[in-house]
Structures are given as structure tokens and as C-alpha cells.
Amino acid sequence: MVNEKIVNRVKCLIIGSGPAGYTAAIYAGRANLAPVLIEGPQLGGQLTTTTEVENFPGYPDGVEPFQMMDDMRRQAERFGTQFVSGVVTKVDFSVSPRKIIVEDEIEYEADAVIIATGASAKYLGIESERTYKGRGVSACATCDGFFYRKKTVAVVGGGDTACEEANYLAGLCEKVYMIVRKPYLRASEIMQQRVLNNPKIEVLFEHNTIRLTGEGKVQGVDLFYRKGEPDEATKHIAIDGFFLAIGHHPNTELFKDFVARDPEGYIITHDDSTQCYTPSLEGRTGERLSGVFAAGDCADPHYRQAIVAAGSGAKAAIEADKYIKSL
Ligand code: NDP
């Protein structure tokens with residue numbers, strides 16, 4: 001028997017259910033584009049891995065991330081967004097209208113596509129990290145640092161992000177350890193100096209995390225010093241928070257054959273627009289990929305903030321609307 005695909009024709013299809021995707025849906029809905037939003041593997045996006053959102057305007061008392069994302073979702077629904085729970089498994093942007101396949105089964109043809117698939121923080125992959133996620137383990141100092149005022153925290157990583165996060169946390173916390181696997185920091189000179197000159201930060205070079213410990217929440221971490229070397233040793237430090245800063249990876253693998261990305265995989269857009277381009281040739285972006293737009297963290301290696309993602313989602317929907325009207 002032939003497994004026939006169901007084909008749906010839509011004006012505007014949005015991939016991703018974080019602040020960028022939902023905001024794009026609100027704008028596209030109000031522009032009468034009857035958007036379809038594919039929710040993806042993590043409903044509500046990266047933000048839902050944090051404990052409380054205090055820096056999104058409009059919530060003076062802070063808000064639980066699930067509540068905020070549900071508010072955005074309901075707002076998008078109010079203007080006619082159709083939500084599809086599932087993961088996009090394939091796209092074909094070489095054809096017009098653009099083709100998007102969900103769960104290998106449902107096929108969409110869309111005049112405009114907004115990619116808002118976000119980025120995922122890298123984790124070490126140890127079991128205790130999962131056990132304490134949201135209970136002392138975080139991958140965003142700007143989001144969660146405030147909860148560790150006057151406490152002791154550790155930041156893992158030796159790059160610019162780790163240094164930036166350690167400095168930020170040092171402004172709030174009693175003490176900040178940096179757990180760095182190499183005998184040096186990879187970060188830029190200026191960031192290294194800031195860290196090394198900050199009396200609240202202690203850098204533990206050549207240390208690796210073994211496991212996190214604690215009763216119901218993070219209370220400490222076991223470390224290896226120079227594992228495999230003659231002077232190998234283990235060490236335990238008491239901490240209240242454990243921050244990962246070992247990099248992010250944008251969720252853009254699916255689009256690599258069609259969309260220009262930078263060496264880290266972030267989608268390339270230019271000139272304050274969300275317009276996508278065909279893949280680069282010798283480091284240069286190709287042609288405009290008409291009707292395909294990128295918003296939020298999948299195209300933003302710098303800010304990684306919900307409010308910034310939401311703003312770019314609005315831009316993408318405005319640009320998609322303009323494009324659709326031009327057809
Ligand atoms: P990077 O890839 O630069 O650094 C990642 C750090 O995490 C490295 O020290 C790396 O160690 C460490 N690491 C990776 N995996 C593990 C692991 N499994 N266990 C322990 N440590 C690990 O990522 P960043 O997010 O810091 O930076 C990404 C890009 O963004 C960079 O180009 C950076 O310069 C830029 N950036 C610039 C900023 C600025 O200019 N203000 C701010 C933030 C980022 P190792 O060194 O051993 O590989």
C-alpha cells in the first residue's frame with residue numbers, strides 16, 4: 001500500500017514555539033496570514049528550562065516561564081494561529097511554495113516560512129546534571145543568577161561566555177568558581193583579565209566535573225584534577241548553583257542544504273532583516289531565499305534573550321506579510 005502524504009497549503013508557516021515563534025504568530029495572525037505554527041520538540045522553547053522570568057517587560061512581579069509561554073500561545077491563538085504538535089523532519093526550500101514535512105507524514109506548502117527553532121545550551125551529559133536541572137543547574141546566568149545572590153556558584157567553561165557569566169555572577173554572589181578543563185582560558189584577553197582580577201572569582205584550571213551532589217538541590221560538586229596524570233586528585237566544593245557555559249548550538253541542522261549559516265550553524269541574516277539566503281560559497285552568503293525568514297536564537301549568536309527573540313519574531317512576520325502581499 002502506498003503511504004500517501006496529506007498536503008496542506010498555507011500562507012505562513014512558523015517553525016518553533018519559543019518567544020520568536022509565538023510573537024511571529026501573533027503578528028502574522030493579526031495580518032490575516034492564518035499562520036500554522038509547528039511546535040517542535042520543546043513546547044515553549046529554551047526559556048522553559050529556567051525557573052522564573054523577571055526581565056521580560058510587562059511582568060513586574062516576574063512570571064513562571066511556562067505561564068509566560070502559555071500567555072504568548074493564547075495570544076497567538078486569539079488571532080487565528082493553528083498549532084501543530086510535532087517535529088519538522090524535512091524541508092525543501094528549493095521549490096516554491098516552500099515544502100515542510102512534519103513527522104515524516106504531514107506535508108505543508110507555504111508561501112512564507114519563519115524559522116524560529118532556537119538554540120540549545122550544551123550540557124556536559126552527566127546524569128546528576130539532569131537530576132538537578134532547574135534545582136541548581138542552569139545554562140543562563142542572566143536568567144537565573146539573581147536567585148543566587150550572596151551564594152556560592154560554579155561556572156563551567158573557559159570561553160568568553162563563561163568569563164562573561166562568571167563576571168556577571170560575581171556582581172551578585174559571594175563567591176564564583178570557574179571550572180576549566182584546560183590549564184588556560186580560551187576567552188579573549190580582556191575577558192580573561194576581568195576574571196583573573198576579580199577577587200570573588202577563583203579559577204580551577206585543569207578540573208573536570210564528576211558529579212553534582214545535594215539533598216533535592218545542588219549543594220556541591222565533585223571534581224577531578226588532572227585526571228590520568230601522576231598528580232591526579234579529586235576535590236569536593238560546596239556550591240549552591242552550577243552554571244553551564246560550554247557553548248550553545250543553534251537548532252538549524254535541518255536547513256543546512258538550503259539556508260546560509262555561519263561556521264557555528266547560526267542562520268545568517270543581513271542588514272537588520274530576518275531574510276534568509278542560500279548557503280554560502282567560500283564564506284559568502286548566496287542569493288536571497290525568497291519567503292524564508294529566521295528569527296530568534298537560531299539566527300542570534302550574541303544576545304540570546306527572550307525579548308530580543310520576540311522582537312525578531314515580530315520583524316520576521318512583518319517581512320513575511322510584505323513578501324506574501326508582493327506575490
Ligand atoms: P566557546 O566554544 O568559545 O568556549 C566553550 C568553553 O567551554 C571552552 O573553554 C571549552 O573548553 C569549554 N568546554 C566545552 N565543552 C566542555 C566540556 N565538555 N567540559 C568542560 N568544558 C568544556 O563558547 P562560548 O559560548 O564561550 O563562545 C562562543 C562564541 O561567542 C565565541 O566565538 C566567543 O568568542 C563569542 N562570545 C563573545 C563574547 C564577547 O565578545 N563579549 C561573549 C560571549 C561569547 P576548551 O577551551 O578546553 O575547548
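**Exercise 1. A residue in a loop**

Let us begin with Ile 246, which has its place in the loop between strand S15 (241–244) and S16. Is Ile 246 buried, partly exposed or exposed, given its relative accessible area? Which residues does Ile 246 touch, not counting residues up to four places away in sequence?

*Before you start.* This is a predicted model, where local features need pLDDT of at least 70 and side-chain atom pairs count only at pLDDT 80 or more, while totals for chains, interfaces and linings use all residues. Residues are numbered from 1 along each chain as its sequence is written, and side-chain values use heavy atoms, with hydrogens and water left out.

*Solution.* 
- Step 1: Helices (H or I, at least four residues) and strands (E, at least two) are DSSP runs, numbered from the N terminus.
- Step 2: Buried stands for under 20% relative accessible area, exposed for over 50%, and partly exposed for what lies in between (1.4 Å probe, protein chains only).
- Step 3: Ile 246 has a relative accessible area of 30%, so Ile 246 is partly exposed.
- Step 4: With contact taken as heavy atoms within 4.5 Å, Ile 246 touches Lys 122, Tyr 123, Leu 124, Val 156 and Gly 157, leaving aside residues up to four places away in sequence.
- Step 5: For Ile 246 and Arg 135, the separation is 111 residues in sequence and 19 Å in space, C-alpha to C-alpha.

**Exercise 2. The sheet that holds S15**

In what order do the strands of the 5-stranded open sheet stand, and which strands are at the edges?

*Solution.* 
- Step 1: Strands of a sheet pair through backbone hydrogen bonds, either parallel or antiparallel. Here, two strands pair if DSSP finds at least two bridges between them.
- Step 2: The order is S8-S15-S9-S10-S11, and the pairing is parallel.
- Step 3: Strand S8 (137–138) and strand S11 (201–205) each have a single partner strand, so they stand at the edges with one side left without a neighbour in the sheet.
- Step 4: Zoom in on S8 and S15, which pair in the parallel sense over 2 bridges. Val 137 has Phe 242 in S15 as its bridge partner.
- Step 5: Helix H5 (residues 160–170) lies across strand S9 (152–156), strand S10 (175–180), S11 and S15, and runs at about 165° to S10. For such angles, axes are lines fitted to C-alpha atoms, for helices over the stretch in contact, and the angles run from 0 to 180 degrees between N-to-C directions.

**Exercise 3. Ring pairs**

How many aromatic pairs are there? Describe the pairs Tyr 22 with Phe 83 and Phe 93 with Phe 258.

*Solution.* 
- Step 1: Rings of Phe, Tyr and Trp (its six-membered ring) pair if their centres lie within 6.5 Å; planes under 30 degrees apart count as stacked, over 60 as edge-to-face and the rest as tilted.
- Step 2: This rule gives 5 aromatic pairs.
- Step 3: Tyr 22 and Phe 83 are edge-to-face, at 6.1 Å centre to centre with 80° between the planes. Tyr 22 is in helix H1 (residues 19–30) and Phe 83 in strand S3 (residues 82–84), 61 residues apart. Both Tyr 22 and Phe 83 are buried.
- Step 4: Phe 93 and Phe 258 are tilted, at 5.8 Å centre to centre with 55° between the planes. This pair ties together parts that are 165 residues apart in sequence.
- Step 5: Ring pairs link Phe 93, Phe 255 and Phe 258 into a cluster.

**Exercise 4. Cysteines**

*Solution.* 
- Step 1: A disulfide is a pair of cysteine sulfur atoms within 2.5 Å.
- Step 2: The structure holds 1 disulfide, joining Cys 140 to Cys 143 (S to S 2.0 Å).
- Step 3: Cys 140 is buried at 17% relative accessibility, whereas Cys 143 is partly exposed at 23%.
- Step 4: The sulfur of Cys 298 is 7.6 Å from its closest cysteine sulfur, in Cys 276, which is too far for a bond.
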